[in-house]
Amino acid sequence: MSTTQRRRPPQPGQGQARVEIRIDGVRGVRHGETRSTLAGVSSLAVTASSHSSASAAIVYAALVDAESWPLWSAYADVEWDVPAGIDRPARVNDLRTIRSPTGRVCCRERIVEMVPDQRFSYEQAAGLFTSHRGSVDLARALHGGTDVTWSATYRRTLPLLDMLRRRRLQVWVHDLASYANSIVSRNS
């Protein structure tokens with residue numbers, strides 16, 4: 001896409017993901033990413049967004065419901081690590097374990113912020129990418145539904161891995177919005 005072309009925003013209900021590119025004054029930075037240096041280590045910041053016809057409450061509920069993740073994400077299992085016998089909603093400082101379809105533990109994440117129907121933020125607590133931080137922001141869309149923005153910052157490693165991270169974030173935000181749309185469709 002040339003710099004003179006403009007991408008039209010998705011229409012309500014389309015659920016199309018798009019990557020927003022932010023250039024931080026660094027020559028050669030690709031559209032949709034920000035490069036910065038933290039403690040001498042280069043990092044990658046990626047933001048992807050989508051639209052859901054569902055309310056922010058429905059999108060947020062799907063996001064914090066570990067049992068729904070296998071229905072809309074590439075992960076086979078996401079479970080909250082809470083003491084046995086305790087049945088309560090997730091809260092800040094809780095850990096969740098995320099497993100791949102092969103059953104391998106991909107990572108453990110700590111919840112760092114929860115603002116119901118508005119924001120869900122986490123950081124990598126253990127796993128291959130311990131410098132990963134992410135946030136999902138929900139905003140009421142002008143024409144109804146919810147605009148979903150998923151942002152993540154990673155310590156840079158390899159260009160191929162960075163490309164996969166950008167693509168994965170696009171897929172996650174689109175799949176979350178689509179899953180919330182399906183909840184609305186089932187209940188109408």
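Two strands are taken to pair if DSSP finds at least two bridges between them, while helices (H or I, at least four residues) and strands (E, at least two) are DSSP runs, numbered from the N terminus. The model described here is predicted, so local features need pLDDT of at least 70 and side-chain atom pairs count only at pLDDT 80 or more, whereas totals for chains, interfaces and linings use all residues. Residues are numbered from 1 along each chain as its sequence is written, and side-chain values use heavy atoms, with hydrogens and water left out.

The protein contains three helices and nine strands, and its order along the sequence reads β-β-β-α-α-β-β-β-β-β-β-α. Of its 188 residues, 37% are buried, where buried means under 20% relative accessible area, exposed over 50%, and partly exposed in between (1.4 Å probe, protein chains only). The accessible surface comes to about 10900 Å², with 51% of that belonging to carbon and sulfur atoms; these areas come from the Shrake-Rupley method with a 1.4 Å probe, and for residues only the protein chains shown count as cover. Among contacts (heavy atoms within 4.5 Å) with a separation of 6 or more, 45% are between residues 24 or more positions apart.

Next comes the end of the chain. Strands β8 and β9 (residues 146–155 for β9) pair in the antiparallel sense over eight bridges, and Arg-133 has Thr-153 in β9 as its bridge partner. Five residues lie between the strands of this hairpin, in which Gly-144 takes a positive phi near 100 degrees.

Helix α3 has 28 residues and spans 41 Å from its first C-alpha to its last, close to the 40 Å expected at 1.5 Å a residue; the expected span is 1.5 Å times one less than the number of residues. Its buried residues include Leu-169, Trp-172, Val-173, Leu-176 and Ile-183. Leaving aside residues up to four places away in sequence, Leu-169 touches Val-46, Thr-47, Ala-48, Trp-150, Ser-151, Ala-152 and Tyr-154.

Charged pairs complete the picture. Seven salt bridges are counted, each being a side-chain nitrogen of Lys or Arg within 4 Å of a carboxyl oxygen of Asp or Glu. In α3 (residues 159–186), Arg-165 and Asp-162 are three residues apart, about one turn of the helix, and their side chains meet in a salt bridge (3.3 Å, N to O). Arg-165 is buried at 6% relative accessibility, and so is Asp-162, with a relative accessible area of 2%. Elsewhere, salt bridges that share partners join Arg-110, Glu-123 and Arg-133 into one network.

Arg-108 and Asp-81 have their closest N and O atoms 2.9 Å apart; Arg-108 lies in strand β6 (residues 105–115) and Asp-81 in strand β4 (residues 77–81), 27 residues apart. Both count as partly exposed, Arg-108 at 29% relative accessibility and Asp-81 at 25%. For Asp-137 and Arg-119, the closest N and O atoms are 2.5 Å apart, and the pair connects strand β8 (residues 133–140) with strand β7 (residues 119–127) across 18 residues. Arg-119 is partly exposed, at 30% relative accessibility.
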